[in-house]
Amino acid sequence: MRTSHKTIFLRTIFLGTILLSMIATLVLGCGMAVAQNTGVASGYPVKGGDLTPQQRNGAGIYRRYCIGCHGQYGDGEGENAPYIDPKPRDFTLAVFKCRSTPTGTLPLDTDLIHTVERGIRGSNMPSWLPLSDENREDLIAYIKTFSPRWKTEKPGTPVEVPAEPAVTAERINAGKEVYKRVECWKCHGMEGRGNGPSAATLTDDLNRPIVPYDFTTGYRFKCGITDQDLFKIFMTGLDGTPMPSFGDNIKPDEAWDLVFYLRTLQPVHSKEREIAKQMGSK
Amino acid sequence: MTSPRRSLAGCLLLAFLCAGCVKEALAIPAFARKYGLPCSACHEAWPKLNSFGQTFKDNGYQLMNERDAPIYQNASYWPIAMRITPHWHFESAGHTTVDTTGGGTTEQTINTSGFDLTGIDILTAGTLAKNISFLLVPSIDPGDGTVGFESANVRFDNLWGSPWLNFKFGKFELDGPLSEKRMMTFSNVGGAYALYHFVPVGGDTNDFSYGENQLGVELMGHSADDHSRYAASLISSTNGGTGLPGGRSYDGNLHISQAFLVPHLGLQRIGAYGTVGLRPTYSLFSGGEPIAGSGRGNRSFYRAGIYGSLYINKFDLAVVYQHASDNVFLANATAANDPMSLPAGARGAAWNTFTFEGHYTYSPQLFFIGRYELVRMSQQALASNPSELGNLDVFTIGYRYYLFMHSRDGLAWHQEYATMRSRLTSDTGQDQRSSSYFMGFDFAF
């Protein structure tokens with residue numbers, strides 16, 4: 001069957017129209033996407049300006065994963081922030097809970113990378129383990145552009161974590177004494193349930209209510225799960241929260257004692273808990 | 001010109017068209033609302049998952065933090081989302097047999113176009129408790145309003161505290177190399193994988209389709225970083241149909257894969273999968289009507305494939321090779337208790353499928369797709385058939401532009417063109433070409 005000239009003409013017009021509409025929409029879409037990527041158009045613009053290639057990569061990752069909570073300016077005012085408790089971190093202050101550096105100092109990049117990998121217990125911040133190491137490094141490079149502190153200050157010197165001693169009943173008892181002496185109980189309660197006499201009055205640096213950690217409900221801490229992580233929390237504090245650094249108040253050996261004692265409060269099987277049972281305590 | 005050929009070619013096209021019409025697609029803003037993450041956190045471009053989204057899914061729709069159990073959600077939170085795509089599309093079907101006024105037939109190209117709707121997916125999913133998750137997807141047909149259940153399953157996650165043990169029960173998508181429920185194309189021709197839906201010419205009665213959700217159980221496991229994965233399923237031989245319409249047999253499916261992170265490129269994954277199963281070839285009858293569930297004369301089939309999913313920064317390419325085979329009785333639509341009815345030269349059908357699907361994710365808001373699939377018969381159901389009868393070549397290109405990227409809902413502008421050539425399948429033995437052009441707004445909320 002021969003196709004008439006009229007049919008060919010109509011088909012050409014039709015297919016031409018389709019092709020042109022695809023091209024036109026594509027050009028429009030590309031233009032808008034480029035504009036949004038460079039912070040020109042509406043939607044989710046990211047910070048432009050003088051970004052290094054690594055920071056620029058990080059900006060793309062931030063836009064994809066983080067902007068909903070931490071906001072386009074990194075101020076923790078993302079569209080979901082009103083519905084989240086605890087509130088997302090404000091990167092413009094460059095104050096971070098989980099560090100290996102002394103209180104008041106900037107963290108190491110590895111501290112921030114570990115936080116991204118691990119997530120933050122008790123918050124909406126998930127573990128971003130599925131991201132590649134490269135992605136996390138790029139992301140941290142971009143997050144550091146939100147605060148001028150990163151241009152004028154260097155990260156602190158990491159707190160030394162001495163080798164972990166063997167756990168003994170004496171050390172657990174000593175840890176209990178440290179818990180009383182430095183008044184951990186005032187916030188965390190005598191049994192570590194987070195219900196100390198000061199618990200209801202605590203606020204963070206931005207004057208928002210905050211609750212102390214309840215040791216009896218889990219095995220993960222905000223800044224990790226290992227004994228070394230817990231040791232670091234005592235010595236560095238959780239900046240931005242009422243949890244101070246005890247680096248000047250307790251010796252490293254006492255910090256290990258405290259670690260062993262707090263492990264006995266947790267509802268998971270551990271050497272410390274076994275020893276505590278033999279001692280006749282919980 | 002033979003009428004069986006006409007009907008078979010029609011079946012082949014119909015299988016594609018139907019697969020495109022009723023496709024359930026998973027992009028669930030309810031998760032984004034629950035966790036406060038933008039769609040782009042889990043989707044490279046929704047509904048295609050990225051590695052974070054795949055891990056989230058494999059963890060049982062859990063981020064594995066303290067907010068997973070529903071008891072920690074706002075009491076007004078309802079884990080439900082909906083998705084539909086109003087669109088305009090153009091369809092062209094070449095060498096279609098048409099009756100003439102004189103009582104004969106002729107072949108014409110049938111073109112049609114107009115505004116249309118996809119089915120409406122109601123997506124409810126999440127956790128019933130920590131480490132117990134569910135997925136329920138009623139889907140409404142836009143034509144007659146009938147509701148079907150695309151998915152309905154409960155999953156026990158991280159049994160004994162191990163991500164290697166997750167047990168699913170109900171109706172679910174088989175864990176395969178490419179998810180048809182997360183397909184990035186919609187059109188009648190391009191909206192289904194030939195890899196999963198191809199039916200060889202010859203009246204093959206095997207209704208198994210990897211792309212259809214199946215009823216059964218699945219044991220699935222993965223490493224903490226989700227790089228190593230396995231899934232083993234035991235499913236009823238009903239291709240997801242309820243009411244036990246066929247026999248009493250089961251199909252088995254196994255899929256294993258391993259991913260490698262390559263610096264500067266991304267996550268590369270390779271894997272292998274296979275399905276073996278049985279289908280009845282005849283039923284018992286009562287009063288001339290087949291008795292449901294009385295299928296007899298089971299005969300076997302299998303599908304086996306290998307694949308690679310390769311990332312080069314923003315570009316990714318999935319390559320799948322699959323070999324498929326159906327028993328001679330299935331391939332020739334013959335009852336196994338009547339072997340004398342097999343036509344001369346009858347034999348099992350076998351074919352190979354290659355799928356190449358590339359994406360370029362310019363940003364979470366602009367996504368390009370191109371796909372080429374080819375199906376080559378390696379053994380025809382009838383020895384007398386031309387060796388290339390029924391071979392397919394399907395080419396699809398398109399893009400999606402997401403107008404915004406929020407954690408509440410999603411809206412995408414979608415354009416796509418797909419064309420398929422099937423060899424020698426017209427009534428006059430000509431190649432048939434079908435083409436689709438599709439554009440519309442895809443939204444989920």
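**Helix packing and the A–B interface in a predicted model**

In the predicted model, the axes of H2(A) and helix H5 (residues 133–143) of chain A come within 7 Å and cross at roughly 100 degrees. Axes are lines fitted to C-alpha atoms, for helices over the stretch in contact, with angles from 0 to 180 degrees between N-to-C directions; helices (H or I, at least four residues) are DSSP runs numbered from the N terminus. H2(A) and H5(A) are therefore roughly perpendicular to each other (65 to 115 degrees). Residues are numbered from 1 along each chain as its sequence is written, and chains are lettered from A in the order in which they are written. Local features need pLDDT of at least 70, side-chain atom pairs count only at pLDDT 80 or more, and totals for chains, interfaces and linings use all residues.

On the H2(A) side, the residues that meet H5(A) include Gln54(A), Ala59(A) and Tyr62(A); their partners in H5(A) include Asn135(A), Asp138(A) and Leu139(A). This contact has six nonpolar, five polar and one charged residues (nonpolar: Ala, Val, Leu, Ile, Met, Phe, Trp, Tyr, Cys and Pro; charged: Asp, Glu, Lys and Arg; polar: the others, Gly among them).

H5(A) also packs against the buried residues of H4(A), namely Asp111(A), Leu112(A), Thr115(A), Val116(A) and Arg118(A) (buried: 20 or more other C-beta atoms within 10 Å of the residue's own, placed from the backbone).

Between the chains, 32 residues of chain A are in contact with 33 residues of chain B (contact: C-beta atoms, placed from the backbone, within 7 Å). H1(A) supplies the largest share of the chain A side, nine residues.

Definitions and conventions:
Contact = placed C-beta atoms within 7 Å. Helix = DSSP H or I, 4+ residues; strand = E, 2+ residues; numbered from the N terminus. Parallel < 35°, antiparallel > 145°, perpendicular 65-115°, else oblique. Buried ≥ 20, exposed ≤ 12 C-beta atoms within 10 Å, placed from the backbone.
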